[in-house]
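Here is a short report on aromatic rings, a surface patch and paired strands. Keep the model open as you read.

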Amino acid sequence: MRFTGSTRLVIMMVASLWGMSIANKDWGSGYNHTNWGWGWGWGPYHPPNQTQGPNKINVGGSENWHFGFNYTEWAFQNGPFYFNDTLVFKYDPPSNNTFPHSVYLLPNLWSFLTCDLRRAKMIASPTQGGGDGFHFVLNRWRPYYFACGERNGFHCKVGRMRFIVVPLFRWNY
């Protein structure tokens with residue numbers, strides 16, 4: 001079976017993220033074996049990840065969902081995201097003073113990289129971001145490619161309104 005370049009990239013990304021999701025798991029010894037020395041005390045101690053239950057995460061933090069903010073960088077700095085976490089997209093409804101925004105789920109990495117919305121699915125309309133925002137649950141273990149679809153991909157391309165999330169499994173101790 002031959003894979004295309006983008007398929008190989010996605011497989012490598014998913015495999016590495018899966019590895020990161022289990023790297024901080026305490027396997028019953030009471031000590032995290034992810035540092036140098038394989039538990040012999042060499043290097044810094046990293047306590048096990050104590051993340052509890054699903055989180056509700058406001059996309060963009062206090063910046064919310066707007067044109068010109070780098071959401072790829074935000075996702076990198078605020079990850080990891082976990083299975084069953086909820087992403088909340090908050091944005092102003094369209095008016096005479098604001099441009100409309102929306103949320104699209106892109107089908108693959110190539111669509112994400114090129115901001116190609118032809119096969120994307122609108123998951124939140126321009127009016128759904130007001131108030132408590134639009135809530136999206138990461139309920140499958142797969143890459144999620146998010147983008148703003150307004151102005152035929154202009155907000156995605158120029159406004160950097162796009163990011164990728166691959167939810168990790170949350171290990172309970």
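## Ground rules

Helices (H or I, at least four residues) and strands (E, at least two) are DSSP runs, numbered from the N terminus. This is a predicted model, where local features need pLDDT of at least 70, side-chain atom pairs count only at pLDDT 80 or more, and totals for chains, interfaces and linings use all residues. Residues are numbered from 1 along each chain as its sequence is written, and side-chain values use heavy atoms, leaving out hydrogens and water.

## A surface patch

V158 sits in the loop between α4 (154-157) and β7 (162-165). V158 is partly exposed, at 48% relative accessible area (buried means under 20%, exposed over 50%, partly exposed in between; 1.4 Å probe, protein chains only).

Together, F67, F154 and V158 make a nonpolar surface patch of about 270 Å². Patch residues have over 30% relative accessible area and no salt bridge; like charges are joined within 9 Å, nonpolar side chains (Val, Leu, Ile, Met, Phe, Trp, Tyr) within 5 Å. A salt bridge is a side-chain nitrogen of Lys or Arg within 4 Å of a carboxyl oxygen of Asp or Glu. Areas come from the Shrake-Rupley method with a 1.4 Å probe; for residues, only the protein chains shown count as cover.

## Aromatic pairs

The whole structure holds 17 aromatic pairs. Rings of Phe, Tyr and Trp (its six-membered ring) pair if their centres lie within 6.5 Å; planes under 30 degrees apart are stacked, over 60 edge-to-face, the rest tilted. W65 and F89 have ring centres 5.2 Å apart and planes at 85 degrees, so they are edge-to-face. W65 is in the loop between β1 (56-58) and α2 (71-78), and F89 is in strand β2 (residues 86-89), 24 residues apart. Both are buried.

F89 also pairs with F134: centres 6.4 Å apart, planes at 40 degrees, so this pair is tilted. F134 lies in strand β5 (residues 134-137), so the pair ties together parts 45 residues apart in sequence. One aromatic cluster includes W65, F89, F134, Y144 and F146.

## Strand β6

Strands pair if DSSP finds at least two bridges between them. Three bridges join β6 to antiparallel β3 (residues 103-106), where L106 partners Y145. Four bridges join β6 to antiparallel β7, where Y145 partners I164.
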